[in-house]
Amino acid sequence: MSKRNIKDLGLKELEEILNSWGHQRFHAKQIHSWIYVKGAVSFDAMSDLALDLRERLKESFSFFELELAEIVESSDGTKKFLFKLKDNNLIEAVTIPAERRITGCISSQVGCKYACCFCASGMLGFKRNLTASEIIEEVLYLKYNLKDERISHIVFMGTGEPLDNYDNLLKAIRIINAKDGIGIGARRITISTCGIIPGIKRLAGEDLQVELSISLHAASDKIRSQLVPLNKQYPLKSLISACKEYIRKTNRQITFEYVLINDLNSDLQNARNLSTILKDLKLAKVNLIPANPIKELKIEPPEKSEILKFKDYLVEEGVNVTLRKPRGSDIEASCGQLRLRYGEKQS
Ligand code: SAH
């Protein structure tokens, strides 16, 4: 039987286990500190633990299972990491440096069920949820393998749908956020969803001040169902009303991601629809993202002038809007593409 990864245990669970072994509970905090604060690479490194405890831990748990398969670096500093999991599945994570921050873009599943028409992540279908330890290891890898750089922000915008893997995601986020864990502030952690309404409702009830992004991408059911098939299950009206409820309950802003795709959702009629449906949301922001071209999906961004027209219209309507600068375009920045290529090379 394969060993359990120590990072799948919360502090309390670890304390219980140590207690049942006849060791003091407080060693659990020491172990967490070695793993998350000091970035230990093995149980052997935990020099303030008795040797017999270290041996017992080694026998009982696995330590670090993520293996780096490939790194690709963009001329703008964006780096893509391809990781191999214990069962040989592949996942991607990305680091995106900006002025005073480095954002780690983290995957939450192997593949994706939701098959949005502009996204490479779903092209190989869905394989499985990531465990909490696998999610945490992505973050730890990025945190401790970037020389002097430090990950300051985390976005769950890698492969997969985070709210479809709710329990493991929240378990991982609590460790990523904890002061005696990885210590990244909740407001610097963003969960992005294509619109899983039950997950949005559940999140609104958590005692966690994480940021929420909704991958909206269209403001009419006709176009959104074409881009994000999940819209057929959770149409715009119910999605927007769940967002309204989330804002009312948490008093937190929601960011709406909108990928601008040529000939699909980028003309002024779409901008009009967008400003209309966001009008009665009190705390909302729109982030426009010119589509990264994906040749397999025939996806192209609109002309620069059309992008600016779309943005200017929203500004005039009083919508809080930003335009994301394309990053890593020379390394096929869209999630899923590296894994896709790697899969092709292997077969
Ligand atoms: N499933 C979640 C988490 C993945 S985030 C969700 O849908 O929110 C996926 C994000 O990747 C999307 O919001 C979009 O911002 C981005 N994305 C995917 N394909 C893209 C493309 N071709 N061009 C630009 N952004 C893309």
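**Notes on the predicted model**

1. Let me begin with helix 3. In this predicted model, helix 3 covers residues 51–60, and Leu 53, Arg 54 and Leu 57 are buried in it. Looking down the axis of helix 3, the buried residues fall within an arc of 100 degrees, so they line one face of the helix. An α-helix has 3.6 residues a turn, so residues three or four places apart point the same way.

2. What do the buried residues of helix 3 pack against? Their partners are helix 1 (11–20), helix 2 (27–37) and strand 2 (61–62). On the other side of helix 3, Leu 51 and Glu 59 are exposed.

3. Now for the ligand. It is surrounded by 20 residues, and the closest are Phe 118, Glu 161, Ser 192, Ser 215 and Asn 292. Sorted by class, the shell around the ligand holds ten nonpolar, eight polar and two charged residues.

4. The backbone contacts deserve a look in your viewer. A nitrogen atom of the ligand lies 2.8 Å from a polar backbone atom of Asn 292, and a backbone N or O atom of Gly 160 is 3.0 Å from a nitrogen atom of the ligand. Taken alone, the ligand exposes 530 Å², of which the protein buries 92%. Two elements give two or more residues each to the shell around the ligand: strand 10 (189–193) and strand 12 (254–260).

5. Ser 215, one of the closest residues to the ligand, sits in strand 11, which runs over residues 211–215. Is Ser 215 buried or exposed? Ser 215 is buried, because its relative accessible area is 14% and the cut-off for buried is under 20%. Apart from neighbours within four places in sequence, Ser 215 is in contact with Ser 192, Thr 193, Cys 194, Arg 224 and Glu 257. From Ser 215 to Thr 322, 107 residues away in sequence, the C-alpha to C-alpha distance is 15 Å.

6. Finally, a look at Gly 125, which is found in the loop between strand 7 (109–111) and strand 8 (126–129). With a relative accessible area of 23%, Gly 125 is partly exposed. Setting aside neighbours within four places in sequence, Gly 125 is in contact with Val 110, Gly 111 and Cys 112. Gly 125 and Tyr 141 are 16 residues apart along the chain, and their C-alpha atoms are separated by 26 Å.

Conventions
Residues numbered from 1 in each chain as written. Predicted model: local features only at pLDDT ≥ 70, side-chain atom pairs only at ≥ 80, totals over all residues. Heavy atoms only, no water. Near = heavy atom within 4 Å. Polar contact = N/O pair within 3.5 Å; in protein donor to acceptor, adjacent residues only side chain to side chain. Areas by Shrake-Rupley, 256 points an atom, 1.4 Å probe, with all protein chains shown as cover. Helix = DSSP H or I, 4+ residues; strand = E, 2+ residues; numbered from the N terminus. Nonpolar A, V, L, I, M, F, W, Y, C, P; charged D, E, K, R; others polar. Buried < 20%, exposed > 50% of the residue type's maximum accessible area, 1.4 Å probe, protein only. Arc of directions from axis to C-beta. Contact = heavy atoms within 4.5 Å.
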